[in-house]
Amino acid sequence: MDALITLLPGDGIGPEVTKSGQSVLETIGEEFGHNFTFSRQHIGGSGIDHCNDPLPSDTVSSCNESNAVILGAVGGPKWDNPNAKIRPEQGLLGLRAALKVFANIRPVKIIPSLSKASPLKEHLLKNVDLLVIRELTGGIYFGEKQRNDSSASDLCIYHNYEVERIIRFAANLAKSRRNKLCSVDKANVLETSRLWRDVTTKIMASEFSSINIEHILVDAAAMYLISRPADFDVIVTENMFGDILTDEASMLSGSMGMLPSASLGDGRVGLYEPIHGSAPDIAGKGIANPCGMIGSVALLLRHSLDLQEEADLLEKAIYDAIENGARTADIATNNEKILSTEEMTQVITNCLVK
Ligand SMILES: NC(=O)c1ccc[n+]([C@@H]2O[C@H](COP(=O)([O-])OP(=O)(O)OC[C@H]3O[C@@H](n4cnc5c(N)ncnc54)[C@H](O)[C@@H]3O)[C@@H](O)[C@H]2O)c1
């Protein structure tokens, strides 16, 4: 297969983990006879520095012409002036809107030998295998913002069609798993959540009556995620709740650096990025965990290129590397040897080659 992939390394550790993602894709290409070509573009702080724009038009054009997009991370203290008119995050939010990727998939699976890296007790992590579907292009992150000297506001709007399409998306995934869907909202307080719950109830009753649907308030969901995480299968929720709950869920797996994500939608192009940010505290040191990025590449192979065998092999390579003791600093416990980003990528690559 021939495929063009746009690489958006971005800021902080973004370029370091993106290099790992490109490297494993090249290895997959060599092993399976695929021809992957890459177009490297600016986004976020790097877009501001090079083009005075967090989402340069060349970046959007390249993404639209590609089969898929890989993004590292955006943001950092350099661009953190609260009064600045242009901010790195505008690049990421703008790209998600431009590619119309309304559904963000974040799988959380536990690799057994990493259970010591999680702050949770080991018995709570047994059988954890959940999928968070986060609505990505609506809600408070996209609503109108206002600020004056004494107050500020962020508008949260959800339209029926936005809720309908994300619930259908999540319910279809639930059908292919354990037939369990948990919808998370704050319907006791927020009007947008009451609409979310009404629309969800209707869609599930009329189109997915065989799926067991449960509604949980977001505060309770935050508690259950750490008190009984194995009970969840597919969780679907709105933009901000999903952002927060998936950072919490990342600690089940041991580190922010472990979790991948895929953003999909009506458009042709999928966006793949680890869930972590630019990690300014470790940027430039070569110690970032590349597993979240490499797992995102596996999702790219599966969802955008329909290369199931290659995706499974790459996920198994991450699993095998970790089960065989490979550790970056964020997931090392006791006296385990600590690998750099490059060394970790190499160990995973070694598990990949036949
Ligand atoms: N999608 C994105 O691009 C995205 C997401 C979240 C935050 N951000 C931005 O990133 C910057 C830093 O935000 P933050 O500190 O809240 O979150 P962060 O995810 O960057 O870092 C949180 C903690 O996790 C660690 N960490 C994250 N990824 C890691 C990895 N791969 N390997 C090892 N350790 C890792 C960091 O060192 C840090 O201690 C901010 O500017 C924020 O706006 C960007």
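User: In this predicted model, which residues does His 42 touch, not counting residues up to four places away in sequence?
Analyst: His 42 sits in the loop between strand S2 (35–40) and helix H2 (44–51). Leaving out residues up to four places away in sequence, its contacts are Gly 47, His 50, Cys 51, Pro 56 and Thr 59.

User: Does His 42 count as buried or exposed?
Analyst: A residue is classed as buried if 20 or more other C-beta atoms lie within 10 Å of its own. His 42 has 22 C-beta neighbours inside 10 Å, and therefore counts as buried.

User: How far apart in space are His 42 and Glu 89, C-alpha to C-alpha?
Analyst: In sequence, 47 residues separate His 42 and Glu 89. In space, their C-alpha to C-alpha distance is 13 Å.

User: Into which domains is the protein divided, and how far apart do their C-alpha centres lie?
Analyst: The division gives domain 1 (1–102 + 258–354) and domain 2 (119–252). Between the C-alpha centres of domain 1 and domain 2 the distance is 24 Å.

User: Which helix gives the most to the side of domain 1 that touches domain 2?
Analyst: Nine residues of domain 1 are in contact with ten residues of domain 2. By class, the domain 1 side comprises seven nonpolar, one polar and one charged residues. Three residues on that side come from the helix that gives the most, H4 (residues 88–98).

User: Which residues touch the most other members of the largest nonpolar core?
Analyst: This core holds 94 residues. Its largest share, eight residues, comes from helix H10 (residues 291–303), and each of domain 1 (1–102 + 258–354) and domain 2 (119–252) supplies at least three residues. The members that touch the most others are Val 297 and Leu 314.

User: With which residues is Leu 314 in contact, leaving aside its neighbours within four places in sequence?
Analyst: Two residues counted as in contact have C-beta atoms within 7 Å of each other. Once neighbours within four places in sequence are set aside, the contacts of Leu 314 are Val 24, Ile 28, Ile 294, Val 297, Ala 298, Leu 301 and Leu 352.

User: Which residues are closest to the ligand?
Analyst: The ligand is surrounded by 23 residues. This shell divides into ten nonpolar, nine polar and four charged residues. The closest of the surrounding residues are Gly 75, Gly 257, His 276, Gly 277 and Asn 289.

User: What is the phi of Asn 127, and what is the phi of Asp 306?
Analyst: Most residues other than glycine have a negative phi. Asn 127, in the loop between helix H5 (122–125) and strand S5 (129–135), has a positive value. Asp 306, in the loop between H10 and helix H11 (308–323), also has a positive value. Phi is near 65° for Asn 127 and near 55° for Asp 306.

User: What radius of gyration does the protein have, and what would a compact globule have?
Analyst: The C-alpha atoms fill a box of roughly 50 × 50 × 40 Å along the principal axes. For 354 residues, a compact globule would have a radius of gyration near 20 Å. The protein agrees with this, because its own value is 20 Å.

Terms used: Residues are numbered from 1 along each chain as its sequence is written. This is a predicted model: local features need pLDDT of at least 70, side-chain atom pairs count only at pLDDT 80 or more; totals for chains, interfaces and linings use all residues. A residue is near a molecule or strand if its C-beta atom, placed from the backbone, lies within 6 Å of it. Ala, Val, Leu, Ile, Met, Phe, Trp, Tyr, Cys and Pro count as nonpolar, Asp, Glu, Lys and Arg as charged, and the others, Gly among them, as polar. A nonpolar core is a set of buried Ala, Val, Leu, Ile, Met, Phe, Trp, Tyr and Cys residues joined through C-beta atoms within 7 Å. A residue is buried if 20 or more other C-beta atoms lie within 10 Å of its own, exposed if 12 or fewer, and partly exposed in between; C-beta atoms are placed from the backbone. Helices (H or I, at least four residues) and strands (E, at least two) are DSSP runs, numbered from the N terminus. Domain bounds come from an automatic or database domain assignment. The radius of gyration is taken over C-alpha atoms; the globule rule is 2.2 Å times the number of residues to the power 0.38.
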